[in-house]
Amino acid sequence: MIKFECVNSEKLDKEILKKLKDFNRNHNEWFNSRKSKIKNKSFFAFEGNKLIGGAVGYVEYNWYYLYILFVEEKYRKQGVGSQILRLIED
């Protein structure tokens, strides 16, 4: 039986990231041939001039790593977070 958990563990974070990088090295020829340049990239949602949500992350090897996604409570369940994620994917 597979068990799912939410755990705060730096050790497990590093382990899963290593697994991902190892997989990519073995399955993506270009992964090994390119030098990675990490670029911070953030996306924000505003109502007028008021910041109401955003995503903070970075790009490495053309993949976006999402660090945090936040939407003000008043604006939740209105598609704001989903729209931010669509913006990231585009």
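The following legends describe close-up views of a predicted model.

**View 1. The largest nonpolar core of the predicted model comprises nine residues.** Its members are Phe43, Ala45, Ile52, Ala55, Val71, Tyr75, Val80, Ile84 and Ile88. Two or more of these residues are given by each of the elements β1 (39–47), β2 (50–60) and α3 (80–89). The largest share, three residues, is supplied by α3.

View 2. Leaving aside residues up to four places away in sequence, Tyr75 is in contact with Glu47, Lys50, Ile52 and Val80.

**View 3. Antiparallel pairing of β2 with β3 (residues 63–71).** Eight bridges join the two strands. The strands β2 and β3 form a hairpin, with two residues between them. In the turn, Tyr61 adopts a positive phi of about 55°.

**View 4. A nonpolar patch on the surface.** The patch is formed by Phe44, Phe46, Leu51, Val56, Tyr67 and Ile68, which together have about 620 Å² of accessible area. The elements β1, β2 and β3 each give two or more residues to the patch.

**View 5. Leu51 in strand β2.** Leu51 has a relative accessible area of 43% and is therefore classed as partly exposed, because this class lies between the limits of under 20% for buried and over 50% for exposed. Leu51 is also one of the residues that form the nonpolar patch on the surface.

Technical notes: Residues are numbered from 1 along each chain as its sequence is written. This is a predicted model: local features need pLDDT of at least 70, side-chain atom pairs count only at pLDDT 80 or more; totals for chains, interfaces and linings use all residues. Side-chain values use heavy atoms; hydrogens and water are left out. A nonpolar core is a set of buried Ala, Val, Leu, Ile, Met, Phe, Trp, Tyr and Cys residues joined through side-chain atoms within 4.5 Å. Buried means under 20% relative accessible area, exposed over 50%, partly exposed in between (1.4 Å probe, protein chains only). Helices (H or I, at least four residues) and strands (E, at least two) are DSSP runs, numbered from the N terminus. Contact means heavy atoms within 4.5 Å. Two strands pair if DSSP finds at least two bridges between them. Patches are made of residues with over 30% relative accessible area and no salt bridge: like charges are joined within 9 Å, nonpolar side chains (Val, Leu, Ile, Met, Phe, Trp, Tyr) within 5 Å. Accessible areas come from the Shrake-Rupley method with a 1.4 Å probe; for residues, only the protein chains shown count as cover. A salt bridge is a side-chain nitrogen of Lys or Arg within 4 Å of a carboxyl oxygen of Asp or Glu.
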